[in-house]
Amino acid sequence: MSESPCLPRTIQVQIMEALNKDRRVIIIYGPRQSGKTTLLSEMIKDFKEKPLTFSGDDLYVQQAFSVHALDPLKQLVGGAKLIVIDEAQRIPNIGLSLKLLYDHTQVKVIATGSSTFDLANKLQEPLTGRTRQFQLFPFSYEEIQILRQPSMPARELLEEKLRFGMYPKSILLEGEQEKQDYLFELLNGYLYKDLLIFESVRKPKKVIDLLTLLALQIGSEVSVLELAEKLSISKITVENYLDILEKMFVIFNLRGFSRNLRKEVYKTSKYYFVDLGLRNALIRNFNRMSLRSDVGELFENFCIIERIKFRINHNLPFNRYFWRTYDRKEVDLVEESEGIISGYEFKWRWGGKAGNRKEFESTYPGSKVSTIQSEDFEEFIIPKRKLQGSLKGKGLLKILTEERQNDKAKEK
């Protein structure tokens, strides 16, 4: 796995807290090249005793952890207090081995994987009730503030990320051509190779064609039947491919929100991309915003995924939907958290329809719909948090840790 720039990752605070609190197996999911290896390297620097590290790509490691017997496993880990297994999904039936270590030793375990599909299947049943799971995204907008030049306007930084995304290496590279070459390499290597792992994917090119169709209709409701007809494959196959792509952290979906009205659409989904750089590589379009016709869709996708990153990175659970009625009234994002319903419309340029907001707010008393524009998006993505571009290294982690401790004290 490629090394990524050593920026502090927000979710590290949660992981370290879980590691120190109890002995449950820590599972870190995330896309390839999202920085899992670098995150592990940074975390283990703080341990007094050096952890024992393994790579799931190593054939010896695969064989060693496939022996589901306690004595050989004890010999393998020796007197280590902590073991770290990178790319654990490569190890057959890894969950059985980790269950033996968990039940019969005091060793702590951190395991990473780039596919929830693989890793969950191998861990979920054997380790029921014994894991803490975390999701590591590519960099968040909050995290990259450390790299931001004080003189760089927010709009300029936004446009850069709408074009090239948030993968760590893409952030680190300086030249536009270098960024494009990297994203094409990631697309061809990561997607094609990983798709071949899944036995149910007999035609990887069809999956790429499906992704391309989704890339061209960001923010629109998706008809699985229509996609199946365009790709000349069955509806069931399309549904299977969509599920795999979500579990590979390539796309995510929003389902329709409905509580009160018969005319609300709720059985369909919208699909967005976890990273816009990968999406733009799919359609081979890295043009500047002034030359694009899809800038509104890019901005909507960016705001939604960055909002998701912020909430997950800070352990702020919520349900997310879109809202639309059959007479075409629509709210792009609906958040439901602790009984509070909030709606958001995303506009690259001003032009929200008041009727959408009024009908939603009247249908759901106590809710509020806000319009997020490209001029004021930062407060939405990083709510109630000052953008501190001058912070370096551990400074951000220290602040995040203190804030988390303060939040817990208020809860008590």
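Visitor: What does the secondary structure of the protein chain come to?

Guide: The model is predicted, so read every value as computed from that prediction. The protein chain has 17 helices and 13 strands.

Visitor: How many of the residues in the protein chain are buried?

Guide: Buried means under 20% relative accessible area. Of the 412 residues in the protein chain, 55% are buried. The outside can be described too. The chain exposes about 19600 Å². Carbon and sulfur atoms supply 49% of that area.

Visitor: Which contacts join residues at least 24 apart in the protein chain?

Guide: Take contacts between residues at least 6 apart in sequence. Of these, 74% join residues at least 24 apart.

Visitor: Now the sheet. What is the order of the five strands?

Guide: The order is 2-3-4-1-5. The sheet is open, and its pairing is parallel. Look next for the strands that pair on one side only. These edge strands are strand 2, residues 52-55, and strand 5, residues 131-135. From one strand to the next, the twist averages 15°.

Visitor: How many bridges join strand 2 to strand 3?

Guide: Four bridges join them, and the two strands run parallel. Strand 3 covers residues 82-86. For a landmark, find Ser 55, which stands opposite Asp 86 in strand 3.

Visitor: Which strands pair with strand 1?

Guide: Strand 5 pairs with strand 1 in the parallel sense, over five bridges. Strand 4, residues 108-113, also pairs with strand 1 in the parallel sense, over four bridges. Ile 28 stands opposite Phe 134 in strand 5. Ile 28 also stands opposite Thr 112 in strand 4.

Visitor: Are the faces of strand 1 covered or exposed?

Guide: Both faces are covered. Val 25, Ile 27 and Tyr 29 lie on one side, with Ile 26 and Ile 28 on the other. Five of the five residues in strand 1, residues 25-29, are buried.

Visitor: On to helices. How many residues of helix 1 are buried?

Guide: Start with the general idea. An α-helix has 3.6 residues a turn, so residues three or four places apart point the same way. Now the case here. Helix 1, residues 12-21, is mostly covered, with seven of its 10 residues buried. They are Gln 12, Val 13, Gln 14, Ile 15, Met 16, Ala 18 and Leu 19.

Visitor: What describes two packed helices?

Guide: Two things do: the angle between their axes and the distance between those axes. Angles of 65 to 115 degrees count as roughly perpendicular.

Visitor: Which residues meet where helix 11 packs on helix 12?

Guide: From helix 11 come Val 224, Leu 227 and Ala 228. They meet Lys 235, Val 238, Glu 239 and Leu 242 in helix 12. Sorted by kind, the contact has five nonpolar residues, no polar and two charged.

Visitor: At what angle do helix 7 and helix 14 cross?

Guide: Their axes cross at roughly 95° and come within 10 Å. Helix 7 covers residues 154-164, and helix 14 covers residues 295-313. The two are therefore roughly perpendicular to each other. Leu 158, Lys 161 and Leu 162 in helix 7 meet Leu 298, Phe 299 and Phe 302 in helix 14. This contact divides into five nonpolar residues, no polar and one charged.

Visitor: Where is Gly 165 found?

Guide: Gly 165 is in the loop between helix 7 and helix 8, residues 168-172.

Visitor: Does Gly 165 count as buried or exposed?

Guide: Gly 165 counts as buried because its relative accessibility is 3%. Leaving out residues up to four places away in sequence, Gly 165 touches several residues, including Ser 170, Ile 171 and Asp 275. Leu 276 is another of its contacts. Gly 165 and Leu 276 are 111 residues apart in sequence, yet 4.8 Å apart in space, C-alpha to C-alpha.

Visitor: And Lys 267: buried or exposed?

Guide: Lys 267 counts as exposed because its relative accessibility is 69%; the cut-off for exposed is over 50%. Lys 267 sits in the loop between strand 8, residues 264-265, and strand 9, residues 269-273. Lys 267 and Phe 257 are 10 residues apart in sequence and 8.9 Å apart in space, C-alpha to C-alpha.

Technical notes. Residues numbered from 1 in each chain as written. Predicted model: local features only at pLDDT ≥ 70, side-chain atom pairs only at ≥ 80, totals over all residues. Heavy atoms only, no water. Contact = heavy atoms within 4.5 Å. Nonpolar A, V, L, I, M, F, W, Y, C, P; charged D, E, K, R; others polar. Pairing = 2+ DSSP bridges. Axes fitted to C-alpha atoms, helices over the stretch in contact; angles between N-to-C directions. Buried < 20%, exposed > 50% of the residue type's maximum accessible area, 1.4 Å probe, protein only. Areas by Shrake-Rupley, 256 points an atom, 1.4 Å probe, with all protein chains shown as cover. Parallel < 35°, antiparallel > 145°, perpendicular 65-115°, else oblique.
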